[in-house]
Amino acid sequence: MSRFEPWSEERTVEIVADHKGLEGPLMPILHALQEAFGHVPEEATPVLARELNLSRAEVHGVITFYHDFRHQLPGKHILKLCRAEACQSMGCEKLVERAESRLGVECGNTTPDGRVTFEAVYCLGLCATAPSAMIDGRIVGRVDANRLDQLLKEAQS
Amino acid sequence: MTLRIFVPRDAAAVACGADEVATALGAAAKKAGVQVQIVRNGSRGMLWLEPLVEIEREGVRYGFGPVAPSDVESLVKAGILQGKPVDQIKHPLSIGVVDDHPYLKRQTRLTFARCGITDPVSLEDYRAHDGYKGLERALAMKPIEIVDEVAKSGLRGRGGAGFPTGIKWKTVHDTPMGQQKYIVCNADEGDSGTFADRMIMEGDPFLLVEGMTIAGIAVGATRGYIYLRSEYPHAAIALNAAIDAAKAAGYLGSSVAGSQHAFELEVRIGAGAYVCGEETSLLESLEGRRGLVRAKPPLPAHKGLFGQPTVINNVLSLCAVPFVLAEGAKAYADYGMGRSRGTMPIQLAGNLKFGGLFETAFGITLGELVDDIGGGTLSGRPVKAVQVGGPLGAYFPRGLFDTPFDYEAFAARDGLIGHAGIVVFDETANMAKMARFAFEFCSVESCGKCTPCRIGSTRGRETMDKVMAGVDTAANLAVIEDLCNTMKFGSLCALGGFTPYPVMSALTHFPEDFGRPGKKLAEAAE
């Protein structure tokens, strides 16, 4: 069972309508779509263009500019490790290697069984309690090999 | 009497288990049949002690930290839930009276005065601790007088560029009335090693709301947006709670505190693009477009959000404003050195024993911050390099530790203070790798609008790969220097323009890591 609803044009139109009164509504709409569907599927592009009176190219351009917007559904769990400088100074790259070898995928990918999407994040603002991680939206500081293994176990469950 | 126990809601504390500690304390109190109120305060900024649990006795707060959920049992046994005098509570995690801690004692907290002390989402608490005094005073002044006050304080943009805030405000103030003007807060704090914006938004969100409201009144703007990065969900919650409470109490809306001024405020969430911390890219993003950097002029002050006059300031700039108004420009300007007036919330991060937030007047040296206050590396190995000012800041070796924290002093040594984040690396760091990372980061985050940044960063990364593989080192390093020169002077914004800072400083101060033994490249930093 996916935690997201399947994409539908009807729901997309509804979400657009909820935000249409805002100044510059596209970003809030894209966030809302991703929250509902887990990603912003390609099929949404022409619908958004039509509803917001934009060209498809403009909408596509925005969706693809931002790292946050997913084009495919993520795995059941999303594990992110911070790879920015402060976390590097505390050895995050070793953790990334460890996670890659345990998961069998490179950072930026989803495991073949669809359980874990493993990604980098560039700074969670937890730079004095580094290295940092985020699992399904929950933040974790002072990550070491042991704590990473716990997180991996949680992600693979 | 109900006991008050403080367990921070700050993301850094939560990431280290504060929620679990709060739950465990609540359960323990229930079991013991003791009435407690658990206040989820902001962080005091002593992040190595998080989660820092505080108890209150006759108005004095005593701390214990870092507390793990498994420590709760022993804390309860020691007597923190009983009215016991504190000197009888013996516990290894005790740090005594929190306000007397040397880390706090040595600071000058103007912006972070309330952070960690109050309940961040309680308007009542905010007001009881001098909140909204600045607005009160602003409402008794003419808008131009508010602008002058900010100008006189010497406040400079805390986002990194250091542009005088008063001049920005004056420009927007002087645009014709009767058109929509905006206040935009840049809360896209993407620099690694910085977390002051996050801390203040989570720990004292009303301060930002008040600062933006004052800005709106000063320049005649009736709408404000906080552009917050998506990596900060806890800050979003705190800000939205504060905005709702301010609205309900009449501090936001069609009549701010009963005055004729209107001000509406909204939080907007970014989507993981580092370049959106650049102000014009941020405005594009707010408008719902790709975050492509705009050429200046026109300045945002003339044509900003939706083409309207816009003040765009960093979180910390806006958060300094309530103090300036409440206590007067002079009180603020009395701190600092040279043209850097007031205080700077400095963030000590990375491989450091005592990482945290340290707000102090400009002028303190880098060495004091790293060795003395920060306590040296957590790993115990010697410090190799310190990056100041985020991913676009220079790496300084120990030899430059006498540099005072001041915009001009850092610039004179080919560095920048940026948003005042300091990341410490021990001797295991490979500076060639860090230089490569700077190029790589720039290539991933480049908005693509200008060629020096878009292409230069990619070529830079490729060339660094060759250098690191030992291929034709001298010739390839010459390419790196040339690329940096092009990027520095040819890029449209600071992303491409400042990437040469980490690269060239690494090469200049640590040539041995680049296979260039012994040769110091003083001229390369030019």
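**One sheet and what lies beyond**

Modeller: Start with one facing pair: L81(A) stands opposite A133(A) in β4(A). Strands here are DSSP runs of E with at least two residues, helices are runs of H or I with at least four, and both are numbered from the N terminus. Two strands count as paired when DSSP finds at least two bridges between them.

A word on the source. This is a predicted model, in which local features need pLDDT of at least 70 and side-chain atom pairs count only at pLDDT 80 or more, while totals for chains, interfaces and linings use all residues. Residues are numbered from 1 along each chain as its sequence is written, chains are lettered from A and ligands numbered from 1 in the order written, and side-chain values use heavy atoms, with hydrogens and water left out.

Now widen the view. β1(A) and β4(A) sit in an open sheet of five strands, in the order β2-β3-β1-β4-β5, with mixed pairing. The edges are β2 (109–110) and β5 (138–140) of chain A; each has a single partner strand, so one side of each has no neighbour in the sheet.

Chain A has seven helices and five strands. Along the sequence the pattern reads α-α-α-α-β-α-α-β-β-β-β-α. Its C-alpha trace spans about 50 × 35 × 25 Å along the principal axes. Of its 157 residues, 53% count as buried. Buried means under 20% relative accessible area, exposed means over 50%, and partly exposed is in between (1.4 Å probe, protein chains only). Take contacts in chain A between residues at least 6 apart in sequence: 61% of them join residues at least 24 apart. A contact means heavy atoms within 4.5 Å.

One residue shows the packing in a helix. V59(A) lies in helix α4 of chain A, residues 56–65. At 0% relative accessibility, V59(A) is buried. Beyond its neighbours within four places in sequence, V59(A) contacts T45(A), L48(A), A49(A) and L54(A). W7(A) is 52 residues away along the chain, and its C-alpha atom is 17 Å from that of V59(A).

Back to the strands of chain A, and to the loop between β3 and β4. The whole structure holds 20 aromatic pairs over all chains. One of them joins Y122(A) and F437(B): the pair is tilted, with 6.1 Å between centres and 35° between planes. This pair crosses between chains, from Y122(A) in the loop between β3 (116–121) and β4 (133–135) of chain A to F437(B) in helix α17 (residues 431–445) of chain B. Rings of Phe, Tyr and Trp (its six-membered ring) pair if their centres lie within 6.5 Å; planes under 30 degrees apart are stacked, over 60 edge-to-face, and the rest tilted. Y122(A) is partly exposed at 26% relative accessible area. F437(B) is buried at 8%.

In strand β14 (residues 383–388) of chain B, six of the six residues are buried. Five bridges join β14(B) to β16 (residues 421–426) of chain B, antiparallel. There V383(B) stands opposite D426(B). β14(B) also runs antiparallel to β15 (residues 395–396) of chain B, over two bridges. Q387(B) faces Y395(B) in that pairing. Six residues lie between the strands of this hairpin, and G389(B) takes a positive phi near 95°.

Strand β9 (residues 310–314) of chain B has five of its five residues buried, so it is largely enclosed by the rest of the structure. T310(B), I312(B) and N314(B) are on one side, V311(B) and N313(B) on the other. β9(B) pairs with strand β6 (residues 182–187) of chain B in the parallel sense, over five bridges. The bridge partner of I312(B) is V184(B).

Last, a loop residue. G342(B) lies between β11 (340–341) and β12 (343–350) of chain B. G342(B) is buried, with a relative accessible area of 0%. Not counting residues up to four places away in sequence, G342(B) touches Y332(B), Y335(B), G336(B), A361(B) and F362(B).
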